[in-house]
Amino acid sequence: MVIFRLACLALCTALTCFAQSAWAASARLSASEIYLYETVQLELTASEEASPDLSALRQDFDVQGRSSQRSMQIVNGQIQVSEFTLTLTLRPLRAGVLAIPPISLGNEQTNPLHLQVNAIDAATQQEIDRKAFMEIDVSHEAPYQGQAVFLTRRLYYSSDVQIYGNLPGIPSITGASVQPVGEASASSTVMNGRRYNVYVTEYLLVPDLPGELIIPGVEIMARVQVALGNGRRALGTPIRTAETVLNVQPPPANFPANKPWLPAREVRIDSEFNAAEGQVGTPLTFDVRVQVVDALASQVAPLKLSFPSSIKAYPESPRLDDAITSGEVRGERLERFSLVPTTAGIFTLPEVRVTWWDTQAEQLRESSLPARDIEVLPDPNAPSPASQASVVAPRAMDAPANRLAPSRTNRFDWLHAALALASLSIGIGWLITLRPGLLHVGVHRQQSNRQNTPESHAFARAKAASNLADVIASLRVWLRHVDSEHPFRADLEAQLKRGEASLYGGLTPEAAPTKNDLQRTARELRAEWLAKRKHAQSRALPSLYPGQDLR
């Protein structure tokens, strides 16, 4: 009998130890009954710190916050009790009796609980809706594809309402680009005899494709004081908006298929020159500006302009600017061209046309910039045809004369020639003796005349240029004086093209020649060219005696 009693006691002790080990963690609620929209604190306690699995809890509750603490009791230098506490803030998602299942904390598990959640009556819900609500407005419910649409959110709440949690940010809308418009604004207003605080945010969205465009609803939490039961209670109420659906229309059937689609309320085109007239070899800056209303600058297609063959055109990267204000967007596309005239005369720049759809009048429209004439003046430093003839004509007449056989009447015998030569030498020597600087002055004047040629003027302009664009333009003018077959000319031409590409697009600045590189190559080319020309001129001098060549 004694043995049986001992066995029962051992079994009860084992069962108690098993139960204690199975429910070593504990759970308790701060209240057993609450109203919908109220929150409750769930406190979980375990002997060891661990991360709980809350997946089952999230089916009926929104976990809005958590905090934890660790406590220990030390007796005689030894830890007697160690306790870990985790507190969760729960907001019920529905009314009714909600179960809180056992929650695992490491190797321990909490006890199950139940919470009574009472529903909000219709009158109380109407009072909540009057104290805090949100409105969503769109500027167009049936916009065209690519048409700018303004989305405005307005949050209204009375003085006894407290907004907490995160305010809704930029909406994520599939099938549209979205960007905020300015900063959020706060103000106050009176509606239906009640004063409200108003918080306004605005966004610009551009639909990418036709069809239904869904703007998702938003939710914000507010604490509202209402009369409920036997007193007043503060309810954590969600303020929600329903989703908004836009019916995006495709481009109309009568819009030209070969034209870029551009929906707008207004389109204007203008241009600007940096000079009233041009000059051969000198770059001109030609700006074409397209301004649109209720559209972004990126929606304006690149301009395709054909310039006369006598003008080299180098386009720069376009500049896109948008000015977005409340309810309106203005875009501007600026395309800049550097035009380098190669011949003088009057030339016609092309007309600019932009086809667009008037979203306000529902009509096809076309904005245009008329063609304009520009006058290009000759380069004043370029050699004129008359000056070239005056230089070339004597050489052309001298060469045949040197090849003619001397006539009998003009022949000198050797004696007469020797006497004439001796007399000439004596006269030159006498002049040098009397005026030693005469020869030096003559040589100096000859060199000065060579330095004042159109070629030297053009090269001097290239040497004095202060930037890459001016160097390129000046060297283009100077190259007209250099022989086209000179080997150095090809090197300089290649460098000039690379420099132009870096200035007007198509080449990175790192791969482009600098101003000093171009000037150095031009100096080498000019030195070779002058030496070659001097040698050719020395060989072309007429012989002192007919029928003989100087070697």
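**Exercise 1. Find the partners of strand β15 in this predicted model.**

*Solution.* Let's start with strand β11, residues 149–157, which pairs with β15 in the antiparallel sense over 9 bridges.

Finally, take strand β14, residues 185–191, which pairs antiparallel with β15 over 7 bridges. Ala186 has Tyr199 in β15 as its bridge partner. β14 and β15 also form a hairpin with 2 residues between them. Look in that turn for Asn192, which has a positive phi of about 55°.

**Exercise 2. Work out why β15 and helix α7 count as largely enclosed.**

*Solution.* First, recall the cut-off: a buried residue has under 20% relative accessible area. Now apply it to β15, residues 194–207: 10 of its 14 residues are buried, so the rest of the structure largely encloses this strand.

Then turn to α7, residues 468–478, where 9 of 11 residues are buried, so this helix is likewise largely enclosed. Among the buried ones are Leu468, Ile472, Arg476 and Trp478.

**Exercise 3. Decide which stretches to read with caution, using pLDDT.**

*Solution.* Begin with the whole chain: the average pLDDT is 80, and 76% of the residues score at least 70. Next, check residues 4–22, where pLDDT stays under 50 and the model has 1 contact beyond four places in sequence.

Methods:
Residues are numbered from 1 along each chain as its sequence is written. This is a predicted model: local features need pLDDT of at least 70, side-chain atom pairs count only at pLDDT 80 or more; totals for chains, interfaces and linings use all residues. Side-chain values use heavy atoms; hydrogens and water are left out. pLDDT is the predictor's confidence in each residue, from 0 to 100. Contact means heavy atoms within 4.5 Å. Buried means under 20% relative accessible area, exposed over 50%, partly exposed in between (1.4 Å probe, protein chains only). Helices (H or I, at least four residues) and strands (E, at least two) are DSSP runs, numbered from the N terminus. Two strands pair if DSSP finds at least two bridges between them.
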